Amino acid sequence: MNAAKKGDWVQIHQIVLKPEERAPQVPDDTKQVPLELWVKGYALTEANLGEQVEIETTTGRKVKGELVAVNPRYTHSFGEFVPELLKVDRQVKEILFGGEK
Amino acid sequence: MTRDNSYAAVTSRKNEIMKKAIGIDYSVFESGEIGFDYERMMREAGYTLEEIQTIQSEVSVGNTPIIELKNLTALARKMAPKGKGARIFIKDEACNPSGSFKARRAANAVYHAKKNGYKGVIAATSGNYGTAVASQAAMHGLKCIVVQECYDSKMIGQPEILEKQRACEALGAEVVQLTVGPELFYTFLLLLEETGYFNASLYTPFGIAGVETLGYELAMQFREKEGKDPDVVMITNAGGGNVTGTARGLIKAGAEHVKVVGASVDLSGLHMASDHAFNRKSFTTGHTGFGLPFATWPDRADVPRNAARPLRYLDRYVLVRQGEVFYMTEALAVLEGLERGPAGNTSLTAAFSLAQEMDEDQIIVVQETEYTGAGKHPMPQLSFAKQNGIDVRFGNPTEEIPGENIILPEHPSLIKIRDYDLNKAKHSYIRNSVANNKITEISKVDVEFLVKDTKSDEQFVMNALKELGINLK
């Protein structure tokens, strides 16, 4: 979806600190990049992806930011299959119950 | 009137914001230039064990089962010298409402917030504690915000943290996600100021006291089941609260002779605030990146005085490696039929090795488990590591270099704990106490505090101070 209607559940993005505003104790690689923030809520107006929009979060806070997703999905999963784990399974059973096949 | 919300201005308002958001005046417990009255703080700002038991039982937290891991014990005995191989037990903390022992800390914090009229709670955590606070807030009808360090600068998130985001949202919380960096604290302060919510810090006296029930329960369960206390309790150590609370609970049960051993995953060499290193680690908690800084300077936490002070209680501190923990997580699933999250199995991995040093009739208890699922499981965590260029292979765990490879042990006999010298940690702690308080000489009261805070004696502390050129006033 490229746009959100008023009342859609969306995710917005903000730059909290620009690279030059970062804390002094931050390591060099982190100082090269901004501190960014994402939060979800209901869009209070319609907006296209990439445009600024105000949202109301679950706790009722009003927050403005760049619209990055409408009905954002969860992307984590069980990942790619890791065959090494099968080897562990077989090995511990073999050591403990070896012979009883 | 508009407030100055620049980084410098907000950070300088820290004490004022915190006082409002926690409701504890920590200054009344201060006793010297370094020390404070720890026990008085725990007594007056916290709750009694009985009160906590009531608070937690009202929300179905605690009283988790103890399970004897007979097959893992048998496996350990195959590797151990004759007559060695203690019985290994696990306390199945995943049975708590939010799936980890953190429910105990959150139960107290959220109860306290509700009692004191706060409308909501905020927690800064990427761990199970966020889910725990969200769960408790749901039960008490409070609003909840969880602030997570979640992504690197390419918006790639640790699968384990993404799962915790989902879980928090599933329980009705608002999740504020950030890229890597200690300035998370700045966002956290701004949110506390904006909402007036309670700071459900992990490190308040009531948060830590919430874990005391774990240690107490454990002692009682063993007396009932086995007629004796366990010999060793193995505790995953990150911020120090799990060690502190459990040990205090054991002491309250009169089980002070039980050896308290901390275990962390060795992530040495990886900078915790580095954008590049963030996704090159496979553990987001239970590791040395929290364990050592918090043990050697507890007051770095988000409260003025941290109630988690692990050096007061640890008898031994051991390290294990990422590959070893993934291996044991898999072994726990296929040999015991218990699928539990990897980070919580840090202490299990250490116990598997330590059991082999102990006699067969002795008992070692792993005092936690955590829930597992998409993202928070060896499969997604190892496949994420591979995607990030980490070499995952079988070999000798001693070859593991955090951030470069993950070595799954070629054989379980290669799983070996390594001792971290506690005296070294105690020396660092004393050095940090002197440096951070900018003292040039020390009072008798502060020496006594350091003795207690390092579980050592006067001679040890005086020697350490002498090396730093600090004399008695």
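Predicted model: local features only at pLDDT ≥ 70, side-chain atom pairs only at ≥ 80, totals over all residues.

Student: Why does B:His377 count as buried?

Tutor: A residue is called buried if 20 or more other C-beta atoms lie within 10 Å of its own, and B:His377 has 27 C-beta neighbours inside 10 Å, so it counts as buried.

Student: Which residues does B:His377 touch, leaving aside those up to four places away in sequence?

Tutor: B:His377 touches A:Phe78 and B:Thr372. The C-alpha atoms of B:His377 and B:Ile363, which are 14 residues apart along the chain, are separated by 28 Å.

Student: What makes both faces of strand β10 of chain B covered?

Tutor: In a regular strand the side chains alternate between the two faces of the sheet. In β10(B), which runs over residues 363-366, B:Ile363 and B:Val365 lie on one side and B:Ile364 and B:Val366 on the other, and all of these are buried.

Student: Which strands are joined to β10(B), and how many bridges does each one have?

Tutor: Strand β2 (residues 87-91) of chain B runs parallel to β10(B) and is joined to it by four bridges, with B:Ile364 as the bridge partner of B:Ile88. Strand β7 (residues 232-236) of chain B also runs parallel to β10(B), joined by three bridges, and here B:Met234 has B:Val366 as its bridge partner. Two bridges are enough for strands to count as paired, so both β2(B) and β7(B) pair with β10(B).

Student: How do you know that the length of helix α10 of chain B is close to what is expected?

Tutor: Helix α10(B), residues 205-226, has 22 residues and reaches 32 Å from its first C-alpha to its last, which is close to the 32 Å expected at 1.5 Å a residue. This helix is mostly covered, with 16 of its 22 residues buried, and just after α10(B), B:Gly227 takes a positive phi of about 75°.

Student: How many residues of each chain are in contact across the two chains?

Tutor: There are 49 residues of chain B in contact with 36 residues of chain A. On the side of chain B that touches chain A, α15(B) gives the most, with six residues. By class, that side of chain B has 26 nonpolar, 14 polar and nine charged residues.

Student: What makes strand β3 of chain A and β5(B) a pair?

Tutor: A pair needs at least two bridges, and β3 (residues 35-43) of chain A and β5(B) have two bridges in the antiparallel sense, so they count as paired. A:Leu37 stands opposite B:Leu178 in β5(B).

How values were computed:
Residues numbered from 1 in each chain as written. Chains lettered and ligands numbered in written order. Contact = placed C-beta atoms within 7 Å. Nonpolar A, V, L, I, M, F, W, Y, C, P; charged D, E, K, R; others polar. Expected span 1.5 Å × (residues − 1). Buried ≥ 20, exposed ≤ 12 C-beta atoms within 10 Å, placed from the backbone.
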